[in-house]
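Reader: I'd like to go over the charged side chains here. Can you take me through them?

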Amino acid sequence: MNNVNLIGRFGKDPETVTRKGSNGDFESLMSSIAVNSNDKKDESYWIDIHAMGKTAENIAKYFKKGDRIGINGELTNYKDKNGITRYSVKVNNFDFIEKKEGK
């Protein structure tokens, strides 16, 4: 079973881009969140996430830099433009955890 659960904060405002697919255009989101290390309080891991369609639109609409999000998804990999294998989490579901103060 490929199941990933994360809670983290956005390092910048998430944004969507419109992509062309076989069934028409759709929204796509590539971003990253900071997830605290269990071992060290002051250390974070930056995890790449991606979402498509309504999920991408809703994340971009309701979340901003510093907001905390809960993600359920799948670990995926892809080759970047230099042929290096990269890993990210495909978002299947998300939860609102906390808005950054002052927003």
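Author: What follows covers salt bridges, then a glutamate and a lysine. This is a predicted model, in which local features need pLDDT of at least 70, side-chain atom pairs count only at pLDDT 80 or more, and totals for chains, interfaces and linings use all residues. Residues are numbered from 1 along each chain as its sequence is written, and side-chain values use heavy atoms, with hydrogens and water left out.

Reader: How many salt bridges does the structure hold?

Author: Four. A salt bridge here is a side-chain nitrogen of Lys or Arg within 4 Å of a carboxyl oxygen of Asp or Glu.

Reader: Which residue does R9 form a salt bridge with?

Author: E98, with the closest N and O atoms 2.4 Å apart. The pair links distant parts of the chain, 89 residues apart: R9 is in strand β1 (residues 4-10) and E98 in strand β6 (residues 85-98). Strands (E, at least two residues) and helices (H or I, at least four) are DSSP runs, numbered from the N terminus.

Reader: Is R9 exposed, partly exposed or buried?

Author: R9 is partly exposed, with a relative accessible area of 33%. E98 counts as partly exposed too, at 34%. The cut-offs are under 20% relative accessible area for buried, over 50% for exposed and partly exposed in between, using a 1.4 Å probe and protein chains only.

Reader: Where do K54 and E57 lie?

Author: Both are in helix α1, three residues apart, about one turn of the helix. K54 counts as exposed because its relative accessibility is 59%, while E57, at 33%, counts as partly exposed.

Reader: And what does R86 form a salt bridge with?

Author: D80, the closest N and O atoms being 3.0 Å apart. D80 counts as buried at 19% relative accessibility, whereas R86 is partly exposed at 37%.

Reader: Then which side chain does E27 have a polar contact with?

Author: T16, at 2.9 Å. A polar contact is a pair of N or O atoms within 3.5 Å; within protein, one must be able to donate a hydrogen and the other to accept it, and residues adjacent in sequence count only if both atoms are side-chain atoms. E27 itself lies in strand β3 (residues 24-36).

Reader: Last one: where is K65?

Author: K65 is in the loop between α1 (53-62) and β5 (68-79). K65 counts as partly exposed at 49% relative accessibility.
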